[in-house]
Amino acid sequence: MGTPTPQEVADHMWANDRASQAAGFCIEAIGTGTSSLSFTVRSNQVNGHGMCHGGIIFQLADSAFAFACNSMNEAAVAAGASIEFVAPAQLGDVLVADAIEHWAEGSSAMTDVRVTRRSDAQVIALFRGKSRRLGRSVISQ
């Protein structure tokens, strides 16, 4: 058995990722150090102002971050994250989170995630996550 592909790692993680599944997220693409996830904002994901709850947007970005930073079959977890909300998302909007790992050294890495609205490419949020590699594989070989 060779080294698992990023898609195989994502499939393995997805099988147990109940949080992303319950939120209605979909994996659109996986690559080495990259991922793209999407979802459609549902009625139980809007806040008192009728906009998508910021916690849901953070969750989408965090999930994209997780799939990107684990894609090389090196188990990694978040060591920190921040988000800037740029524009609101509404009920029915399809949001896409594109993650790219930009820097890695030793057991640490930094990944940026851009969340956009599919219909007009409006940037909704910008997320930066720092990951820590755990010294083990996601899929044992």
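A residue is called buried when its relative accessible area is under 20%, exposed when over 50%, and partly exposed in between, with a 1.4 Å probe and protein chains only. The model is predicted, so local features need pLDDT of at least 70 and side-chain atom pairs count only at pLDDT 80 or more, while totals for chains, interfaces and linings use all residues. Residues are numbered from 1 along each chain as its sequence is written, and side-chain values use heavy atoms, with hydrogens and water left out.

Helices (H or I, at least four residues) and strands (E, at least two) are DSSP runs, numbered from the N terminus. Two strands pair if DSSP finds at least two bridges between them. Start with strand E2, residues 34-40, where five of the seven residues are buried. Strand E1 (residues 26-31) runs antiparallel to E2 and is joined to E2 by five bridges. The two form a hairpin with two residues between them, and in the turn Gly 33 has a positive phi of about 75°. E2 also pairs with strand E4 (residues 94-105), again antiparallel, over seven bridges. Leu 37 shows both pairings: Leu 37 is the bridge partner of Ile 27, and stands opposite Ala 97 in E4.

What lies inside? A nonpolar core is a set of buried Ala, Val, Leu, Ile, Met, Phe, Trp, Tyr and Cys residues joined through side-chain atoms within 4.5 Å. The largest such core has 34 residues, and Phe 39, Ile 57, Leu 60, Leu 95, Val 113 and Val 115 touch the most other members. Among the elements that give two or more residues to this core are E2, E4 and helix H3 (54-69). H3 gives the most, with nine residues. Contact means heavy atoms within 4.5 Å. Leaving aside residues up to four places away in sequence, Ile 57 touches Cys 52, Ile 83, Phe 85, Leu 95, Val 115, Ile 124 and Ala 125.

Now turn to helix H1. Its buried residues are Pro 6, Val 9, Ala 10 and Met 13. They lie on the same side of H1 because they cover an arc of only 95° around the axis, taken from the directions from the helix axis to the C-beta atoms. An α-helix has 3.6 residues a turn, so residues three or four places apart point the same way. E1 and H3 are included in what covers the buried residues of H1.

Last come the cysteines. A disulfide is a pair of cysteine sulfur atoms within 2.5 Å, and by this rule the count is zero. The sulfur of Cys 26 is too far for a bond, because the closest cysteine sulfur, in Cys 52, is 15 Å away. Cys 26 counts as partly exposed because its relative accessibility is 42%, whereas Cys 52, at 6%, counts as buried.
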